[in-house]
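Visitor: I've got a new model to look at. Can you walk me through it?
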Amino acid sequence: MIPIRIAVLPGDGIGPEVITASLDVLRATEARLAGVRFELNFHAVGAGEYLKNGHPMPATTVAAFRQADAILLGAMGLPGVRWPNGVEMTPQIDIREQLDLYNGVRPIKLYHESHTPLKHYGGTGPAIDFVIVRENCEGLFSDRLTPRPPGREFETDTLTISRRGTTRICRAAFRLAQQRRRHVTLVDKANVLPSMAFFRQVFDAVAAEFPDVQTDRVYVDAMALFLVQRPHTFDVIVTENMFGDILSDLAAGLVGGMGMAPSADLGERHGVFQPSHGTAPTIAGKGIANPIATILSVALMLDWLGHVETRRGARLIETAVATVLANPSHRTADLGGNVSTAEITRLICEALP
Ligand code: ATP
C-alpha cells in the first residue's frame, strides 16, 4: 500500500464546497485503485484565516506543504479583505513563488457542444482540446510585492523575463506537446516589448531541441481573436504570466466557464492543483457551485503523482465526468441547469468505471 500525502486547503468562498465534492470523488476513485491510499491533511488558509489569525498563509503552513506529495487547493480571497495598504491578498500567487511552481498548466477541453458559445464546435464539429502553459514565477506579476514609496505621481510594474525561467517553461510546453499532438504555439508581444522579443529568442532556441514538435508564434492580441475563431487549431500554448492569466479565462469561456477549467501549478518537486476559478462569493454557501473544475484538478493531480495506479485513477475520473456530461440534464446552474453541487458529485462518483 503506497500512502500518498495530500495537503488539502479548502480556502474561502466556494472553495470548501468544491473541495468536499472533489474529495468524495478522490475517495471513490481510491476504492477502485490497487495499493494506493490517500492520507489527507487539512490546512486553514486564505482570507478567513487572515481575519482569524492575522495571516492568509503562515510560513509554518507552507513548511507543512513541503512535506506533502501534492497540494489540493480550493480558492482563496474574499471581497474587502485586504492588506492594510489596500492591496488584495494573493496567497495563491505567493505559494507558486515560494514553492517555485513555474509551470502553470491550464487544460481547456469542451465536454459537450451545449457548453460553448461558439457555433459548430463539439458534437460532430471540431473538438476544443488544448493546454495553456503559463509561466508562473516571473513576467508582469513578479515585481508586485516590491515596496513602493508612498505619494508618488506614477507607478511602474516590471515585466521580467529571464533565460532560465523562459527555457524551463518552454521545455515544459514542448515535453507536454510530445505527449499530445506535437504542436506548440508561442504567445508573446515580441513586436513591441523587448522582454517579449527575448522570450521569443529563448523559445526559438528551445524549439531547436525538439525537432519532432511543430511550432508557431502569435502576438497576444491576435491570439485573443484566434482563440474565438479557431480554437481547434491549438494544442499547447506557452506564454508569459499575465498573458496566461488573461487567456486562461477567455479559454475557459469557450468550454463552459470557470467551473469547467482545472489547473496544475508544477515545479520540479511540488505541485498545487486547483480550479482556475476564484472564490465566487456571490454563490458561496448555496450548494450550487460547479465542482467539475476541482474534480478535474484531482485528475491532473493523480496523473502528476505518476504511479501506474494513480494515472489509471485520473483516466477513471475523466471518463466519469465525460459520461455524466453526455446527458444534457446533468448540468449545474453555471451551465444552465439546476443540479446541485452534491448531486453532480454523486453522479460522477457513480459513473466511475
Ligand atoms: P478571482 O479574482 O480570484 O479570479 P473572481 O471573483 O474575479 O475571482 P471567479 O470567482 O473565478 O472570479 O468567478 C468568475 C465568475 O464565474 C463569477 O460569476 C462566479 O460566480 C463564476 N464561477 C466561478 N467559479 C464557479 C463555479 N465553480 N461554479 C459556478 N460558477 C462559478
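Guide: Start with strand 4 (residues 103-109) and strand 9 (residues 262-266): they run antiparallel, joined by 3 bridges. Strands here are DSSP runs (E, at least two residues), helices are H or I runs of at least four, and both are numbered from the N terminus. This is a predicted model: local features need pLDDT of at least 70, side-chain atom pairs count only at pLDDT 80 or more, and totals for chains, interfaces and linings use all residues. Residues are numbered from 1 along each chain as its sequence is written, and side-chain values use heavy atoms, leaving out hydrogens and water.

Visitor: Which residue in strand 9 is the bridge partner of Gly104?
Guide: Asp265.

Visitor: What's the strand order of the open sheet?
Guide: The order is 2-1-3-10-9-4-5-8-6-7, 10 strands with mixed pairing. Two strands pair if DSSP finds at least two bridges between them.

Visitor: Which strands stand at the edges?
Guide: Strand 2 (36-42) and strand 7 (214-219). Each has a single partner strand, so one side of each has no neighbour in the sheet.

Visitor: What packs on the sheet?
Guide: Helix 7 (residues 220-229) does, touching strand 5 (129-135), strand 6 (183-188), strand 7 and strand 8 (236-239). Contact means heavy atoms within 4.5 Å. The direction of helix 7 makes about 110° with that of strand 7. Axes are lines fitted to C-alpha atoms, for helices over the stretch in contact, and angles run from 0 to 180 degrees between N-to-C directions.

Visitor: New topic. Where is Leu300?
Guide: In helix 9 (residues 292-305). Leu300 touches Pro107, Pro262, Ser263, Ala264 and Phe273, not counting residues up to four places away in sequence.

Visitor: And the ligand, what surrounds it?
Guide: Among the surrounding residues are Ile14, Met258, His277, Asn290 and Asp334. Near means a heavy atom within 4 Å.

Visitor: Which atom of His277 lies 3.2 Å from a ligand nitrogen?
Guide: A polar side-chain atom. For Gly278, a backbone N or O atom lies 2.7 Å from an oxygen atom of the ligand.

Key:
A polar contact is a pair of N or O atoms within 3.5 Å; within protein, one must be able to donate a hydrogen and the other to accept it, and residues adjacent in sequence count only if both atoms are side-chain atoms.
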